[in-house]
Amino acid sequence: MAMVDMRLLVGAVAVLVAVAEGNVVFKVKHKYGGRGSSLLPELKAHDSRRHGRMLASVDFHLGGNGQPTDAALYYTKLSIGTPSNDYHVQVDTGSDILWVNCAGCDKCPEKSNLGIELKLYDIKASSSAKTITCDQDLCTTMFNAPYADCKVGVACEYQVTYGDGSATAGYFVKDEVHFDQVTGNLKTGPMIGAVGFGCSAKQSGELGTSTAAVDGIIGFGQANSSVISQLAESGKVKKIFSHCLDNHNGGGIFAIGEVVEPKLNSTPLVENEPHYNVVMEQVEVGGSVLDIRTSFFDLGKRDMIIDSGTTLAYLPDSIYSPLMKKLMEKQSDLEIHKLEGFKCFDYDENVDDGFPVVTFTFADSLKLTVYPHDYLFQVRDNEYCIGWQNSGMQTKDGKEMTLLGDLVLSGKLIVYDLEKQSISMTEYNCSSSIKVKDEASGNAYAVGAHDISVSNFSWRNTRNVYTMGLLIYFLCSLMN
């Protein structure tokens with residue numbers, strides 16, 4: 001993310017949860033899902049915009065347009081203010097702040113094709129809202145430095161420009177946010193917390209024109225300004241979150257807190273990286289290890305980004321070419337054709353029987369297995385397209401991208417432990433449940449999967465877009 005105001009890099013939003021013990025949950029809906037060739041142009045368009053932002057700087061912030069499987073980007077409905085109003089904000093593991101579009105915003109989107117009504121937050125309409133000023137500790141502490149050119153009473157402002165040219169700017173406010181608190185196994189109750197967040201006053205580029213728009217973004221990145229970081233700083237949670245995206249039934253699980261069941265193996269996060277980078281050591285296709293050391297590892301490019309906000313999977317040519325050759329080794333008679341830029345083919349048998357499994361091995365022997373039904377997606381009867389992409393073809397500046405998105409992360413439980421600086425993963429039934437530890441009581445509570453549809457919106461409408469949901473569980477226990 002290329003920033004106009006670098007103050008945002010070190011953080012500019014604080015999340016202060018009201019005193020309460022227990023776990024918090026809020027509902028998250030699936031932004032795009034659905035299979036079909038009508039969505040293919042949107043898949044690469046989304047990833048291209050996202051990668052432009054990622055390559056431009058040390059931090060990034062993005063939207064999204066879906067993917068070919070039943071897991072994509074997710075958004076939640078937050079109730080904010082007194083009296084409260086509902087706002088739909090996208091859940092993003094690669095973004096670092098919470099912000100919503102505000103009244104009087106210049107060029108903020110006015111409509112969405114997601115079946116939701118966009119709403120502008122109005123600080124004047126909420127009796128519990130307060131503007132955060134630059135001379136307040138809340139602003140200066142989050143910047144880790146004095147606010148530049150601050151005058152008493154002046155708003156604590158933010159401004160950021162992304163690598164794709166889109167931008168947002170505004171100021172920070174604090175208001176009451178209504179959460180669902182987990183009170184036991186698969187049980188929740190109400191909780192209100194005072195939250196600091198960005199009030200977007202101006203947008204440009206993709207952020208301001210997207211018809212697949214929501215009211216804002218809630219970030220789960222590593223920076224001090226992210227929601228997870230702020231909750232941890234205030235002693236409300238451990239700095240651990242997890243997700244399990246259900247690629248069969250839709251929805252899934254998204255939780256904050258230590259996962260105690262199931263048990264998982266982990267791999268270290270690469271230090272001093274803004275994204276969730278891990279070290280890849282080996283790629284197997286059908287049990288055979290690809291010979292890629294001379295072209296890939298000798299260049300020192302061992303990092304691979306784990307990013308649930310990206311749709312597809314992007315590999316440098318030194319991995320992509322031998323992998324594709326091995327994939328098609330037993331299917332030499334297939335005729336490959338292009339469909340909206342994707343390599344596709346007709347196939348009337350079970351893809352899991354006709355194509356090989358791909359396995360990535362990371363540091364400390366952690367493995368991620370990707371099955372043919374994961375990386376091959378059906379767009380029409382007996383027509384499949386390949387989800388693996390050559391990253392050298394995806395960036396405007398010619399840089400290669402090594403990144404695993406939802407295409408391969410779906411159907412896996414992924415745990416981001418920022419306290420231990422590690423990522424864990426395993427194959428998992430994402431329509432089941434996990435157990436997360438409540439730090440105050442020591443109890444482990446079951447967190448189940450959810451699939452929540454918009455009642456007045458059919459997935460058949462608007463280019464086969466449909467909404468799904470899951471629950472994000474915040475273990476917001478006070479830590480003594």
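Predicted model: local features only at pLDDT ≥ 70, side-chain atom pairs only at ≥ 80, totals over all residues.
**View 1. Surroundings of F362.** Neighbours within four places in sequence are left aside here. The remaining contacts of F362 are T267, V278, V279, M280, E281, M304, L368, L404 and M425.

**View 2. The open four-stranded sheet.** Strands β19, β20, β24 and β23 form an open sheet in the order β19-β20-β24-β23, with antiparallel pairing. β19 (337–339) and β23 (376–380) are the edge strands, each pairing on one side only. From one strand to the next, the twist averages 45°.

**View 3. Bridges within the sheet.** β19 pairs with β20 (residues 342–346) in the antiparallel sense over three bridges, and H337 has C344 in β20 as its bridge partner. Two residues lie between the strands in the hairpin of β19 and β20, where E340 takes a positive phi near 55°. β20 is joined to β24 by three bridges, and the two strands run antiparallel. Four bridges connect β23 with β24 (residues 383–386), again in the antiparallel sense. Y384 in β24 is the bridge partner of Q378 and also of F345.

**View 4. The F345–Y384 ring pair.** The ring centres of F345 and Y384 are 6.3 Å apart and the planes are at 25°, so the pair is stacked. F345 belongs to strand β20 and Y384 to strand β24, so the pair ties together parts that are 39 residues apart in sequence. F345 counts as buried at 0% relative accessibility. Y384 is also buried, with a relative accessible area of 12%, because the cut-off for buried is under 20%.

View 5. The structure holds 16 aromatic pairs. In the pair of F220 and F241, the ring centres lie 5.5 Å apart with the planes at 45°, so the pair is tilted. F220 is in the loop between β10 (216–219) and α4 (227–233), whereas F241 is in strand β11 (residues 240–245), so the pair ties together parts that are 21 residues apart in sequence. F220 is buried at 0% relative accessibility, and F241 is buried at 0% as well. Both rings belong to one aromatic cluster, formed by F220, F241, F254, Y276 and Y416.

**View 6. T76 in strand β3.** T76 lies in strand β3, residues 74–80. Its relative accessible area is 0%, so T76 is buried. The C-alpha atoms of T76 and G216 are separated by 9.9 Å, although the two residues are 140 residues apart along the chain.

**View 7. The whole chain, for orientation.** The protein chain has nine helices and 31 strands. Of its 480 residues, 60% count as buried. Among contacts with a separation of 6 or more, 72% are between residues 24 or more positions apart. The chain exposes about 18,700 Å², of which carbon and sulfur atoms supply 46%.

Methods. Residues numbered from 1 in each chain as written. Heavy atoms only, no water. Buried < 20%, exposed > 50% of the residue type's maximum accessible area, 1.4 Å probe, protein only. Contact = heavy atoms within 4.5 Å. Areas by Shrake-Rupley, 256 points an atom, 1.4 Å probe, with all protein chains shown as cover. Pairing = 2+ DSSP bridges. Axes fitted to C-alpha atoms, helices over the stretch in contact; angles between N-to-C directions. Phe/Tyr/Trp six-rings, centres within 6.5 Å; stacked < 30°, edge-to-face > 60°.
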